Amino acid sequence: MPIPLLMNHKPVHPDITVADLVEQYPASVGYLSEKGIRCLRCGEPVWGTLAEAAKEKGFNDSQIRQFTDDLNTLLLG
Amino acid sequence: MNNALYNFERPKNEPVLSYAPGSNERVCLKDELNRQLSQVVDIPLIIGGKEIRTGKTQKVVMPHNHSHVLAHCHQAGEAEVKMAIDAALKARDIWANFTWLDRTIIMMKAADLIRKKYRPKLNAATMLGQSKSAHQAEIDSACETIDFLTFNSYFCSKIYSDQPLSEVENLNMLEYRPLEGFVFTVSPFNFTAIAANLNVSPVLMGNTVVWKPASTALLSNYYLMKVFEEAGLPAGVINFVPGSGNLIGGIVLEHPELAGIHFTGSTGTFNHLWRKVGENLSKYRSYPKLVGETGGKDFIFVHSSADFEEVGTAIIRGAFEYQGQKCSAASRGYIPASMWPSLKDLLTRELSQIKPGDPIDFTNFMNAVIDEASFDNISRYIEEAKNSPDAEIFAGGGYDKSVGYFVEPTIIKTTDPHFLSMEEEIFGPVFTLVVYPDDEYEDYLKICDKTSPYALTGAIFARDRQAIIKAHDLLRYAAGNFYINDKPTGAVVGQQPFGGARASGTNDKAGSMLNLTRWTSPRIVKETFLPSKVYYYPFMREK
């Protein structure tokens, strides 16, 4: 089901912090979890950006761009 | 100047109060719970001893009733973070020159304040703000916090008395200097006591800190900070800075005077901190000391000789107390096939009696998970198990966030020892087990060792001594805290120093002298009484 993009929220980009992602777009946590990127650990969002979290899991820039494209499509409906 | 050379005796662990019906502590705690429920606290930052209100606030709610606001907490911006670093550096000169005895006296006084005056207040704040039962709050915000304060003071006295040998013609002195700069402390939501220890360890060794508390444990942590102040801690020694981790960390990690990080939280965040320190290495005056206790995928491994009732109790307590949100909580199990039918009956029967609920109702064994994001994260793992052909949920599996973030104690049985919830940390009341053929005990011990990147806690249950020895050896690096015939939670300060290696952290053992030694930069001073007046040695003579 598409997730509505909230008013005044910018599209997801690789440099968004994981904390902002979790707070502004909670539904993106599930998508990233399927890719093996865990945004929440020990009850707290992981520090750093989406790109950093993805790179730690071995994803490259082009894959990260794909993630943000997917998320924005998902969020924009 | 006090010139006494005081020597602390080894303290006793703080007795756990029962809160049984009719007890005085129960009456006091209930009164305090009602008091805290009837007010909304305004939590400021505390920097350099001054309360700062930024106007940008975060709501502090109860996880078990998320519409109830306990407090509004002011959030640090860039200016306040810089102010906190400056305050820590300014206080450093004064604090570093306190004798270690004066520093420990403040901590012993803080312990006594909690013991006699603020026990109900800290426990109530931990119950309401972090959704803990009375017992779980008592063993955390009262007992463990007091133990960290008293035992660390004792360890401190042992460290300072440890001096090198001297000869008749010279004296060698080991000066335990604080680190050169400030220490950044980052505390988690799950234990008020950990917040105390992360700050107290470096502070006892003469350091000053910038403290970022967890955004989901602000009320108890604020009260803890007030206790430190009342105990006589000078302004600026601990600077209480709630706010965004990315914002605070971003500024702190760039600062040339960052001397150390004392962290408890996720492996991902600790990796982030470590990576940033590496990137900024050339900016620092000295190499920051990095001490972190991070994630876990803690196990209970059962041999066929074990008693199934003992195993059942260990699983229920080890996996579900505090909703599985202890770093040490059991979250995977290995059960011999011969025991499975009787253990399954026991777990099904017992868990059907346990429903999570409000901690105000003392009959509840479990309460809520910490927040909505955690709730959603945990429920995703449960759904994944429900939809997988490799797993079945035979206990729990329900969850509801309409009033509070409640998740039933859930047990997943899988046929795949590498099933997702056997490998990944969930940090919630979900225990996954695999049933193995009795005669493959050793093979499954090896699987257990290799299944997860973590190595925090683990337990073996067996009566057969050979089986215990085998597990002890094969799981040598699988856990930093290894339990034989006991649940893998409940480490006691001074008795089971806590921490693990691999992806679980730097294993610097909170609750022991080993941790305190990380917060000092020793200087050896050699003084010679009668220095030589000639440069040549006897061997250089002809005759």
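## Around L233(B)

Setting aside neighbours within four places in sequence, L233(B) is in contact with W95(B), I106(B), M107(B), V203(B), F228(B) and I238(B). The model in which these contacts occur is a predicted one. L233(B) belongs to the largest nonpolar core, which has 69 residues. Within this core, L233(B), I43(B), F228(B) and I238(B) are the residues that touch the most other members. Helix 3 of chain B, residues 100–130, supplies the largest share of the core, with 14 residues.

Another core lies apart from this one and has 31 residues, including F299(B), Y334(B), Y381(B) and Y444(B). In soluble globular proteins, nonpolar side chains tend to be buried together.

## Helix 14 of chain B

Helix 14 of chain B spans residues 465–474, and A467(B), I468(B) and A471(B) are buried in it. Viewed down the helix axis, the buried residues fall within an arc of 100°, so they line one face of helix 14 of chain B. The face turned away from this buried side carries the exposed residues R465(B) and Q466(B).

What do the buried residues of helix 14 of chain B pack against? Their partners are helix 13 (441–451), strand 20 (457–461) and strand 21 (481–484) of chain B. At the start of helix 14 of chain B, a side-chain oxygen of D464(B) comes to within 2.8 Å of the backbone nitrogen of Q466(B).

S141(B) is part of helix 4 of chain B, which covers residues 134–161. Is S141(B) buried or exposed? Its relative accessibility is 0%, so S141(B) counts as buried; the cut-off for buried is under 20%.

Not counting residues up to four places away in sequence, S141(B) touches I114(B), L122(B), N123(B), T126(B) and T192(B). With one of these residues, T126(B), the side chain of S141(B) also makes a polar contact of 3.3 Å.

## Two loop residues with positive phi

Q323(B) has a phi near 60°, a positive value in a residue other than glycine. Q323(B) sits in the loop between helix 9 (308–320) and strand 13 (330–336) of chain B. Its relative accessibility is 1%, so Q323(B) counts as buried.

For F427(B), phi is near 60° and again positive in a residue other than glycine. F427(B) is found in the loop that runs between helix 12 (420–423) and strand 18 (430–436) of chain B. At 7% relative accessibility, F427(B) counts as buried.

V27(B) has its place in helix 1 of chain B, residues 24–37. With a relative accessible area of 48%, V27(B) is partly exposed. V27(B) and P120(B) are 93 residues apart in sequence, while their C-alpha atoms are 9.7 Å apart in space.

K82(B) lies in helix 2 of chain B, residues 78–96. Its relative accessibility of 41% makes K82(B) partly exposed. Along the chain, K82(B) and G250(B) are 168 residues apart, and 11 Å separates their C-alpha atoms.

## Chain A

Chain A contains 4 helices and 2 strands. How do the elements of chain A run from the N terminus on? The order is α-α-β-β-α-α. Of the 77 residues in chain A, 47% are buried. Among contacts between residues at least 6 apart in sequence, 59% join residues of chain A that are at least 24 apart. The accessible surface of chain A comes to about 4,000 Å², and 54% of it belongs to carbon and sulfur atoms.

The mean pLDDT of chain A is 84, and 86% of its residues score at least 70. Confidence in chain A is lowest in strand 1 (residues 40–41), with a mean of 84, and highest in helix 3 (residues 50–56), at 93. Over residues 1–7 of chain A the pLDDT is below 50. Beyond near neighbours in sequence, this stretch of chain A has 11 contacts in the model.

Key: Residues numbered from 1 in each chain as written. Chains lettered and ligands numbered in written order. Predicted model: local features only at pLDDT ≥ 70, side-chain atom pairs only at ≥ 80, totals over all residues. Heavy atoms only, no water. Buried < 20%, exposed > 50% of the residue type's maximum accessible area, 1.4 Å probe, protein only. pLDDT = per-residue confidence, 0-100. Contact = heavy atoms within 4.5 Å. Core = buried A, V, L, I, M, F, W, Y, C linked by side-chain atoms within 4.5 Å. Arc of directions from axis to C-beta. Polar contact = N/O pair within 3.5 Å; in protein donor to acceptor, adjacent residues only side chain to side chain. Areas by Shrake-Rupley, 256 points an atom, 1.4 Å probe, with all protein chains shown as cover.
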